[in-house]
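User: I'd like to learn how to read a few features of this structure. Could you start with how exposure is judged?

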Amino acid sequence: DSTVQTMVGGPTKERHRYDAVVNHPGDDGDHDYEFEDNEEAGLHGRTNNNHDDSFMDEPTTIMITPHNNIGRRKPRNLTHTNWVIAIISFALALGISLAVLLYTNHGWNKKNNIHTSSDVNNNPSTATQGIQHKQAKATVRTDLPNFPSFQSFQGQPILVSYDERAIQLNGKRSLLIGGSMHPSRTTRGTWDQALDKAVINGLNLITIYTFWKEHQPWGGNTTMNFTLSEQWDLKDALLAAGERGLFVHLRIGPYVCAEYNYGGIPEWVPLSDKTMKMRRYNGPWLQAMKEYVQSMTNYITEHKLWAYQGGPI
């Protein structure tokens, strides 16, 4: 022990490990040892091969090399002060991140001409005259040239036309940026949320498919049903878009694709007449399609949702 302590510098305050190869007279080979030193116990050796270490009493040659973790301190336990500093640092970092996020979001909304719910409180408006609706959470701004909001027309009739450059609303070229969403695939709550996100992402138009099968699933002798659930119907979905300043591009089909069986055409249609050839210039098909299109357009007209009626379509 004294020889090894001299070679490694004596006992230390920190615990270290050393690898040693021991060669002694009269033995047939080297033996591996691992030594540990600390302030309380000094240096101690133990054999790694369960060899008798009584030879240590004899003159011995020892080669010592530092273990691969020499000099590495054990992790210190966090004190009360360390915990306080860590918590304060985390709180500051979180606060700064939230402040940057809020500032960025506010600047993005302002840049993209988006009203938040606080803006709507100061300027409540309805999608069409004579109809009261829920207050919108987000609305398209009404002061951006050539990027119209439906609310700018305040329920008045809109003349829709076009020239070689653009669609025109009341004779003025207008930029319409839209996204496609289908109320038949949502609930009332998720539809409202999706419309708000459409506004926040800079849209002023929503493209909506209507699925024939959803409104007339059981045969041509049944009436069209525009109810989406017990709480709302197609009219409500269209007005919800308008109250946010979103125009509506209504795509009634009858074939709309949209990853829907038969593109939204009910299964009973081809079975109603053996001579029918769907989506061809064929009498039975044209008659079935005519009845659907007339029912859909009559529904829209009845609720005054066309642009010329002051609606968003």
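Analyst: Buried means under 20% relative accessible area, exposed means over 50%, and partly exposed is in between (1.4 Å probe, protein chains only). Glu267, at 29% relative accessibility, counts as partly exposed. Before going on: this is a predicted model, where local features need pLDDT of at least 70, side-chain atom pairs count only at pLDDT 80 or more, and totals for chains, interfaces and linings use all residues. Residues are numbered from 1 along each chain as its sequence is written, and side-chain values use heavy atoms, with hydrogens and water left out.

User: Which residue does Glu267 form a salt bridge with?

Analyst: A salt bridge is a side-chain nitrogen of Lys or Arg within 4 Å of a carboxyl oxygen of Asp or Glu. Glu267 has Lys213 as its partner, with the closest N and O atoms 3.1 Å apart. This pair links distant parts of the chain, 54 residues apart: Glu267 sits in the loop between β12 (247-251) and α7 (268-271), and Lys213 in helix α5 (residues 212-215). Helices (H or I, at least four residues) and strands (E, at least two) are DSSP runs, numbered from the N terminus. Lys213 is partly exposed, at 25% relative accessible area.

User: How many salt bridges does a search of the whole structure find?

Analyst: It finds 9. One of them joins Arg173 and Glu164, whose closest N and O atoms are 3.6 Å apart. Here Arg173 is partly exposed at 35%, while Glu164 is exposed at 69%.

User: At what angle do the axes of helix α4 and helix α6 cross?

Analyst: Two packed helices are described by the angle between their axes and the distance between the axes. Axes are lines fitted to C-alpha atoms, for helices over the stretch in contact, and angles run from 0 to 180 degrees between N-to-C directions. For α4 (residues 188-200) and α6 (residues 234-242), the axes come within 10 Å and cross at roughly 25°. Angles under 35 degrees count as roughly parallel, over 145 as roughly antiparallel, 65 to 115 as roughly perpendicular and the rest as oblique, so α4 and α6 are roughly parallel to each other. Arg188, Trp191, Asp192 and Leu195 of α4 make the contact (heavy atoms within 4.5 Å) with Asp236, Ala237, Ala240 and Ala241 of α6.

User: What average pLDDT does the protein chain have?

Analyst: pLDDT is the predictor's confidence in each residue, from 0 to 100. The chain averages 76, and 65% of the residues score at least 70. Over residues 1-16 the pLDDT is below 50, and over residues 30-61 it stays under 50. Where pLDDT is low, the predicted coordinates should not be read in detail.
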